[in-house]
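Thank you all for coming. Please take a moment to look at the sequence and the model before I start talking.

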Amino acid sequence: MTGTLESVNPSTGEVVGVYVVDDAASVEAAVARARHDADWWTRGTFAERRQVLDQWRRVLARRMPELADLVHQETGKPHADAQLEIGLAVNHLAWAAAHAGKVLGRRRVSSGLLMANHVATVEYLPLGVVGVIGPWNYPVFTPMGSISYALAAGNAVVFKPSELTPGVGVWLAASLCEVLPGQGLLQTVVGRRETGVALCRAPIDKVAFTGSAATGRKVMATCAENLVPVIIEGGGKDALLVDEDADVHLAADAAAWGAFSNAGQTCVGVERVYVHERVYDGFVAELTRRARDVHAGAEDGAQLGPMTLAGQADVVRRHIDDAVNRGAEVLVGGPSAVGERFVQPTVLAGVPEDSCAVTEETFGPTVTVRRVHDMEEAVTLANASRYGLGSAVFSRSHGADLARRLRSGMTSVNGVISFAAIPALPFGGVGDSGFGRVHGPDGLKEFTFAKSVARQWMNPATALTTFDRTPRTDALFAGLIRVLHGRSRLSPKRPRWDRGDP
Ligand code: NAD
């Protein structure tokens, strides 16, 4: 143990809790205990694990107000927003527990003509102990996206919450003890960077990291020392596209929520909006009207809380100042909107695409809006980011097509951030937003390894893998391959790319 860590209410500066910091030795002890408990958990059936996780889900649902209060205190976000993230996390836990058997359980696959004397099966087995490193912005929803799926897949978890939200992390692990007293299946280790490094270096089987791309690179480098695989859930710079046939009011409402909720501290928050010129004026009028109605403050009734991370307001200020200095038009807010802790909504137009307000993650309640000639231009600009986490499209007739063309892990059509609330949908990014997936079947498989078994149930008519093989067998094999794969089509069709088709 190396000292203590205070968690502080960012709205008031009051100390919420004091926690003993876990050093490398205590992290290793937690991992050893997890390894011990992973043993019986892994040997259990999917049904047995589901029973435990369902009981835990009920505990979380019953005690949601208490947990929401803690989230509110440690992050400053409104109580109702804290409740929203907990409710969605509980929903994911239910899905993971209910679907693990179907997604991961053993199933037969075709062994093919060549290997017809074999029965082939595949199943997905737990890795063992998973380290989960979490951020502070959604201190329940985000880590639970890994924890729920890792546990349902049969692993034990050691969780290092953000140093800003240790209380929430400790609470989560303690709540599982209500179902399994004295359990070591989900343990929380508390600390800053050093504790995270210790977890990456401990003898674990995978790290699920959520945080900034910069830290993600460091996590990967540390994990590489022991060839520990990682999932990186990094940041984003999500774009929202508004087509000429969009419901402009719906789009503006979604843009406001996507950009300003949680004070803009959302990895899949809307930070850039590209609007078709035919509906631009109407959209901007509606968005600015809504932005003026949203207020950040510590009092009851404020829709936004503070910047949870001290210093984040400086990043927001830098982005706004840079945009304004480079000729951007302030539609709402602007430099004066940025206080020490509380930042009021800001809407900027005419921001150069190479300015930091467009290229870097702002993580504050600001949004840039740009007029585009058509959706081709919108897609090109949206995809020009090095990030690729989420995105949104508003269009009555081209939503699905535009969604497919956006280079991001998830896209909402005629909505915003909706994909995160659908447990069956994988969640994760491309580029600087990271790789690997939480949620959905892919999220379950992330915490497993595929186990393939080929069982011979009768002797082959002609044995190929033996030194007793004869020239006749070789000739038979060659003939079979020719029949199976070597015949040309009667009228060969040239591939599309060979015909110069678009
Ligand atoms: P961060 O990168 O500063 O820290 C994340 C976690 O990593 C913390 O627990 C921290 O203590 C730990 N850490 C720091 N240095 C480490 C190291 N060298 N080795 C191991 N662990 C280390 O991020 P943050 O400020 O807590 O969170 C905000 C970021 O998270 C934003 O970029 C946001 O977009 C991103 N985020 C992404 C998702 C997603 O699902 N993709 C979800 C939420 C937040």
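This is a predicted model: local features need pLDDT of at least 70, side-chain atom pairs count only at pLDDT 80 or more; totals for chains, interfaces and linings use all residues.

Residues are numbered from 1 along each chain as its sequence is written, and side-chain values use heavy atoms, with hydrogens and water left out.

Around the ligand there are 29 residues, of which Gly134, Glu163, Thr215, Gly234 and Glu361 come nearest, where a residue is near if one of its heavy atoms lies within 4 Å of the molecule. This shell is made up of 11 nonpolar, 11 polar and 7 charged residues, with Asp, Glu, Lys and Arg counted as charged, with Ala, Val, Leu, Ile, Met, Phe, Trp, Tyr, Cys and Pro as nonpolar, and with the others, Gly among them, as polar.

Let me turn to individual atoms. A side-chain N or O atom of Thr215 is 2.7 Å from an oxygen atom of the ligand, and for Glu361 a side-chain N or O atom is 2.6 Å from a ligand oxygen. At Gly234, a backbone N or O atom lies 2.7 Å from a nitrogen atom of the ligand.

Finally, because domain 1 (4–234 + 439–450) and domain 2 (238–422) both give residues to the shell, the ligand lies between them, the domain bounds coming from an automatic or database domain assignment.

Key:
A polar contact is a pair of N or O atoms within 3.5 Å; within protein, one must be able to donate a hydrogen and the other to accept it, and residues adjacent in sequence count only if both atoms are side-chain atoms.
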